[in-house]
Amino acid sequence: MRRLSIRVPAKINLHLEVLGQRPDGYHELRTLFATVGLWDELEASQADDGVLKLEVSPRGFVDGGEDNLVLKAAKALWDEAGKRPGARLKLKKTIPVGAGLGGGSADAAAALVVLNRLWGLRLSQPALHRIAASLGSDVPFFLVGGLGWGVGRGEEVYPLGDVIGGAVLIGIPNVSVSTRLVYESLEHQGDWHPADPKVYSFIVGTAPAVPWEALRNDLQRYVVGTCPEVGILLGEMERRGGLRTAVTGSGSAVFALFADEEGAREAQSRLTGRWRTFVAPVLPRALARLEPRRF
Ligand code: C5P
């Protein structure tokens with residue numbers, strides 16, 4: 001029996017700019033994604049046609065039912081392929097849920113890649129990207145990995161060179177945040193303003209260095225406003241230094257980027273035990289690739 005396994009990284013948003021709300025209700029974004037080495041693992045083995053089973057561990061970490069994006073990804077592949085090959089899937093979760101670290105989206109992208117291989121579908125990259133975008137705004141990024149510039153809902157992704165390294169300290173407050181609610185709270189504001197042109201110069205490769213001070217996250221104010229705990233964690237982490245400290249995506253996790261792992265570990269040791277913390281490397285594209293392996 002064929003069995004494949006795939007390691008699934010998380011993401012942070014180093015920059016997230018909201019340009020405004022679109023006629024379809026989504027918000028038009030410009031975002032700088034980076035993959036980080038905090039890993040889920042997805043295993044897939046063949047099963048009878050029409051059978052799709054998902055087991056998630058540890059139990060209670062995330063819902064393994066029909067709403068799980070891994071099952072939605074598998075069913076989207078069925079629709080695309082016009083047949084229903086079976087699979088048993090085991091998802092081992094480490095990436096915190098509802099934290100803005102893209103765990104559910106990454107798992108969905110990994111399911112597309114691993115089942116495309118397991119089932120011998122040979123779907124092209126553009127086809128996988130199209131299906132990924134239908135599953136969620138952040139899913140296509142994980143098919144690209146490394147450092148990426150996300151446009152539109154965030155689903156249109158342009159790969160950038162591996163120009164940012166180091167390691168992040170990630171702090172997890174005891175609250176998870178609904179992405180939809182954060183975006184809804186933005187709707188009443190309408191105080192959009194364009195990013196510093198230095199950000200765009202960096203993206204198109206004409207700025208010599210990362211303009212750290214110009215990077216921002218337009219969702220952060222709303223997340224901190226609704227979850228004071230996130231604001232407290234953010235303040236604590238800002239005091240411990242780093243090149244950039246911010247909420248990732250729509251939260252609730254906060255990251256602080258350091259030039260090396262030692263810096264991140266040092267900051268971790270000085271943070272109180274009130275929050276769960278992780279140290280993870282920023283991954284170059286080659287290490288962020290979703291690559292199924294036999295086991
Ligand atoms: O695309 P995804 O399902 O991840 O988005 C979750 C929710 O976040 C959407 O239903 C929408 O309310 C909001 N969203 C948005 N603009 C984006 C991405 C997400 O308004 N660019």
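A pocket, as the term is used here, is an open set of points on a 1 Å grid with protein on both sides within 12 Å along at least five of seven lines, and its volume is the space filled by probe spheres set on those points. The model examined is predicted.

**Exercise 1.** Determine the volume of the largest pocket and describe its lining.

*Solution.* Step 1: the volume of the largest pocket is about 1300 Å³. Step 2: its lining comprises 48 residues, and those nearest the centre are Ser-105, Asp-138, Thr-179, Arg-180 and Ser-250. Step 3: sorted by class, the lining holds 17 nonpolar, 20 polar and eleven charged residues.

**Exercise 2.** Describe the packing of H1 against H2.

*Solution.* Step 1: H1 (residues 69-81) and H2 (residues 103-118) have axes 8 Å apart, at an angle of about 35 degrees. Step 2: the crossing is right-handed. Step 3: with contact taken as heavy atoms within 4.5 Å, H1 contributes Leu-69, Val-70, Ala-73, Ala-74 and Leu-77, while the H2 residues include Gly-104, Ala-108, Ala-111 and Leu-115. Step 4: the contact of H1 with H2 has nine nonpolar, three polar and one charged residues.

**Exercise 3.** Describe the packing of H2 against H3.

*Solution.* Step 1: the axes of H2 and H3 come within 10 Å and cross at roughly 145 degrees. Step 2: this crossing is right-handed. Step 3: Ala-108, Leu-112 and Asn-116 of H2 meet Leu-128, Ile-131, Ala-132 and Leu-135 of H3. Step 4: six of these residues are nonpolar, one is polar and none is charged.

**Exercise 4.** Characterise the second largest pocket by volume and lining.

*Solution.* Step 1: the space in this pocket is about 370 Å³. Step 2: among its 19 lining residues, Val-113, Arg-117, Gln-125, Arg-289 and Leu-290 lie nearest the centre. Step 3: H2, H3, H4 (141-144) and H10 (285-288) each supply at least two residues of the lining. Step 4: the classes are ten nonpolar, four polar and five charged.

Technical notes: Residues numbered from 1 in each chain as written. Predicted model: local features only at pLDDT ≥ 70, side-chain atom pairs only at ≥ 80, totals over all residues. Heavy atoms only, no water. Axes fitted to C-alpha atoms, helices over the stretch in contact; angles between N-to-C directions. Helix = DSSP H or I, 4+ residues; strand = E, 2+ residues; numbered from the N terminus. Left-handed = near helix turned anticlockwise from the far one by under 90°. Nonpolar A, V, L, I, M, F, W, Y, C, P; charged D, E, K, R; others polar. 1 Å grid on protein atoms, 1.4 Å probe; cavity = no way out; pocket = protein on both sides within 12 Å on 5 of 7 lines; lining within 4 Å.
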